[in-house]
Amino acid sequence: MRRIFLLGLPLVLGACEGRHNWLASGGAEAIRVEQLFWVLVVGAAVIWTLVIGAAVYAHRRQVDPSLEKQARQFIIWGGAVIPTVVVCALLVWGLVILRDITTKEGDLTVRVDGERWWWRVIYESPEGDVVTANEIRLPVDNTALFKLTADDVIHSFWVPALGGKMDMIPGRETELTLTPVETGSWGGLCAEFCGGAHALMRFDAIVMEEAAFNDWLAHEASPAEVAQDDAGLGVFLDEGCGACHTIRGTEAVGPVGPDLTHLASRERLGAGIYDMTPDNMAAWITDTHEMKPDIDMPPYPNLDGARLDQLVAFLMSLD
Ligand code: HEC
Ligand SMILES: [Cu+2]
């Protein structure tokens, strides 16, 4: 038994490491939840030790009738008053944290719409909405107010290292704030089972210096730099990709799938699951449902040779 336990432990703990580790907090909200967690864990360990210690002590001692009054006092205080005070204090503390992390004002507002099985991301800016998908970039030390909703079924928005999570509900808007305090890249995911590709509904949350973020956002707002006679754009339009996808600056204005205007500037393909490489891009187009089962994009197994190369080169140029 002990061997199995010791062998299994690293596997379980291994799951805590990495991009989705909520104990490696990089956000102000996550840090507060983490503090609460540690107080609960350490507090529970101390109380458990005291209670078990008292039980063992009582078990070993002879009953002494002259101590009955003290024993009653001990039960009233140790069994009723102190637990009530501790639980109420924890409740108040938890509610204060909940209030603070759900009702903060944002320095910027990001609307995220959960779709099956990807994320529509819209930055509100004074010059108008900036639409992108499947990747969220944030300026460090700024509070981002997320306005969350869903298109079809309930999803849940979670970047464990930064804070959250919050349900995304069709027809309703929920709010969440994240205040990253470190630059870096963290993993985000859908935390509410939403159908076939739920486990592959992910995204990157990339925290940048404020100036770099502003440059990124300005670039993201601009249309794609494409020559209208680009061969790959021709394939894209011929195949009907533009019925579902938008590439600003071209004829493609489809509203169904992710915006592809600056596709290649994203670090990952397919809602956070593959590296953005030409090989993965080609496979995504021809073997779509092997790459990501169940999704609402049809595969194009007949696209090959020069036309596929042109299309992939075109998509990889959309940075
Ligand atoms: C019927 C609508 C539809 C058509 C037609 C369609 N797609 Fe898609 N596409 C989608 C949807 C929906 C997704 C999101 C899938 C997911 O991740 O769940 C997607 C995702 C993608 C992505 C990944 C985007 C990202 O952010 O990583 C690429 C690239 C892409 N499509 C390219 C194409 C190309 C090229 C064509 C034409 C050959 C095409 N699509 C045709 C609906 C469509
Ligand atoms: Cu989901």
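Which strand is the place of Lys-165? Lys-165 sits in strand β7 (residues 163-168); here strands are DSSP runs of E with at least two residues, helices are H or I runs with at least four, and both are numbered from the N terminus.

This is a predicted model, where local features need pLDDT of at least 70, side-chain atom pairs count only at pLDDT 80 or more, and totals for chains, interfaces and linings use all residues. Residues are numbered from 1 along each chain as its sequence is written, chains are lettered from A and ligands numbered from 1 in the order written, and side-chain values use heavy atoms, leaving out hydrogens and water.

Most peptide bonds are trans, and most residues other than glycine have a negative phi. The bond from Gly-164 to Lys-165 is cis, with omega near 5 degrees. Another cis bond runs from Arg-116 to Trp-117, with omega near 0 degrees, and Trp-117 is in the loop between β1 (108-115) and β2 (118-124). Then there's Asn-134, not a glycine, yet with a positive phi of about 60 degrees; look for Asn-134 in the loop between β3 (130-133) and β4 (135-139).

**Two metal sites**

Donors are N, O and S atoms within 2.8 Å of the metal (3.2 Å for Na, K and Ca), and sites may look incomplete because water is not among the atoms.

| Metal | Protein donors | Distance |
|---|---|---|
| copper ion (ligand 2) | His-155 (ND1), Cys-190 (SG), Cys-194 (SG), Met-201 (SD) | 2.1 to 2.6 Å |
| iron atom of ligand 1 | His-245 (NE2), Met-297 (SD) | 2.0 to 2.3 Å |

The copper ion (ligand 2) has a tetrahedral site, with angles of 93 to 124 degrees among its four donor atoms; tetrahedral means four donors with all angles between 85 and 135 degrees. His-155 is in strand β6 (residues 155-159) and Cys-190 in strand β9 (residues 184-190), so this pair ties together parts 35 residues apart in sequence.

The iron atom of ligand 1 has an octahedral site, with angles of 84 to 178 degrees among its six donor atoms. Octahedral means six donors, with opposite ones over 155 degrees apart and all others between 65 and 115.

The axes of helix α5 (residues 231-238) and helix α8 (residues 305-316) come within 7 Å and cross at roughly 105 degrees. Axes are lines fitted to C-alpha atoms, for helices over the stretch in contact, with angles from 0 to 180 degrees between N-to-C directions. That makes α5 roughly perpendicular to α8 (65 to 115 degrees).

Note on methods. Parallel < 35°, antiparallel > 145°, perpendicular 65-115°, else oblique.
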